[in-house]
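Open the structure in your viewer and keep the selection panel at hand. The tour goes stop by stop.

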Amino acid sequence: MKKVKWLSPLIAFSVMLSGCVNSANPQTPAASSGTSATAETTGESAVKPNLTVAYSEGGTTLDPAEANDLTSDTLVLATYDQLVTYGIKNVDGADIANTEDIQPMLAESWEVSADNTVYTFKLKSGVKFQSGNPVNAEAVAYSFDRVGKSSSGSFLYGMAAIKSVTAKDESTVEVVLNNPNHMFLQIIAMYTFSIVDQKVVEGQNADYLKTNAAGSGPFKLEKWDPASEAVFTANETYWQGAPKLGKVTLKFTKEASNRVLLLSKGDVDMSIEIPPKDVNSLQGNTELNIQSNASNRILFFAMNNKVKPFDNEKVRQAVSYAIPYEELLSGVMYGQAKRMKSAVASNTPGFTDAGYVYEYNLDKAKALLKEAGYENGFTFDFTLGSGFDDWEDDAVLIQAELAKIGVTMNINKLARAQFLEKQKENNLTSYISKWTSFVNDPGYHLGFLLYGKGSSNYINYQNAEVDKLWEQANNETDQQKRSELYKTAQEIINTEAPWAYLYEYNRIVGMNKNISGYAFYPDEVIRFYPLSKQE
């Protein structure tokens, strides 16, 4: 057995929780609404500072196994812990999560069998849920089983190749995989695999965790109203030590301009999803720190590969030659993005732009349309989901360029919720969409989006060779061989152009300069536990 064990202190960070209605944990008394924890409860000499953050949306669920939007994920990570977590690295002066550096969290150590199919975790002793119940092996097995049966997290369960999870004794958990899987530890570090208090949940109704938290994390849920705000108070008995913040309030502010205004005036301490056009002016505010990090969030122009005329590879390639790339980067994104040249983001290990040949060239686009039998162009429906200004600007610019080659693009707008529902039906002809890979690995990214059986392969891309390469790579333990398999798959995808690649976003977060401890994670979720505020 290969043994992995860390004796160093755990890197402290919190786990996100998803949310959707007014609710406080019945097993967790809410903190008083006026002030945060005081010296009487903490032994400290002063009241802890509070943190207020402007978010765009209010979330949909508090259930870790079902959370799949940024706010819901954030809520989960504030109230729950996982078995393992990611390390932190510093890149150009910024702290960034290193998803390849797996550190212990609730697990103190683990052993791996010689064939890499059995992981045996030893839990830390004395750790308790917020209810006071012990965090034990049965709770871990219960939590993993919930993920395997969930509608949202089950695909991740399968991607991790989990066969069985067994509580061997009070503090020992055995996870057996169907086959070796290089992403296993990275996947179970995600909020989806948060450890749930089994004793609190059992006996409750099936939707209990949608509106209630049952974790061991650094913050307790006091209130959650998706229309207005979520409020957390410090878990003063948290096993890694009480948070430095007394209370965290998320203000749900749909309009980006209002989030910018709140930050500029100092009415909130942090703001996310800041429009690129506002970055320069905010950077001129000496009271603010604007973090703009290269992310693996991508934006692409999706074409349904089973719907005419996009079932023709040459038509898809023609569209890729008609995209005004530089205009999108400068006129829409104000330099807060860069060209996307593969289905995989450029900062992902194993990235390659092999097979990508597309530049803005309308003559080449026209020639490809002629080869495809569409010399006189065609008309198609494009569905635009609301909520993102850059999507609308991009769509209008692309529409204008396609018109120059005889292609008519009818833009049909849908509210975001309706768009997401329609997208899942796999029959939209064309649309713009973004994607963020929470695990920075080509296997995770391609497995969701472009693997034939991928749960988010909404454009019906099917290539037997790509599927075979992904499956081989998923089982390959040699990193170099695995990387070559992924690169070959990317080259095929890049050539066939199931999407027209638009750009890779920067992740922009604005904060007051008295905030410290922020680190950027690929899942773009803010961990509140490491944060502190100087008043």
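Which side chain meets that of Lys413 in a salt bridge? Select Glu392: the two side chains meet at 2.7 Å, N to O. A salt bridge here is a side-chain nitrogen of Lys or Arg within 4 Å of a carboxyl oxygen of Asp or Glu. This pair links distant parts of the chain, with Lys413 in strand S17 (residues 407-414) and Glu392 in helix H13 (residues 389-403), 21 residues apart. Helices (H or I, at least four residues) and strands (E, at least two) are DSSP runs, numbered from the N terminus.

A note before moving on. This is a predicted model, where local features need pLDDT of at least 70 and side-chain atom pairs count only at pLDDT 80 or more, while totals for chains, interfaces and linings use all residues. Residues are numbered from 1 along each chain as its sequence is written, and side-chain values use heavy atoms, with hydrogens and water left out.

Now colour by accessibility. Buried means under 20% relative accessible area, exposed over 50%, and partly exposed in between (1.4 Å probe, protein chains only). Lys413 has 57% relative accessibility, so it counts as exposed. Glu392, at 34%, is partly exposed.

**Next: a buried pair**

Select Arg507 and Glu524. They form a salt bridge, and their closest N and O atoms are 3.8 Å apart. Arg507 sits in strand S19 (residues 499-512), whereas Glu524 lies in the loop between strand S20 (515-516) and strand S21 (532-533). The two are 17 residues apart and link distant parts of the chain. Arg507 is buried at 1% relative accessibility. Glu524 is buried too, at 6%.

**Next: a network and another pair**

Select Lys223, Glu229 and Lys251. Salt bridges with shared partners join them into one network. Then go to Lys265 and Asp267, whose side chains meet in a salt bridge (3.8 Å, N to O). Lys265 is exposed at 56%; Asp267 is partly exposed at 45%. In total, the structure holds 17 salt bridges.

Show strands S4 (residues 84-91) and S5 (residues 94-104). They pair in the antiparallel sense over eight bridges. Strands count as paired if DSSP finds at least two bridges between them. Find Ile88: it stands opposite Ala97 in S5. Two residues lie between the strands of this hairpin, where Asp92 takes a positive phi near 55°.

Why is S5 largely enclosed by the rest of the structure? Eight of its eleven residues are buried.
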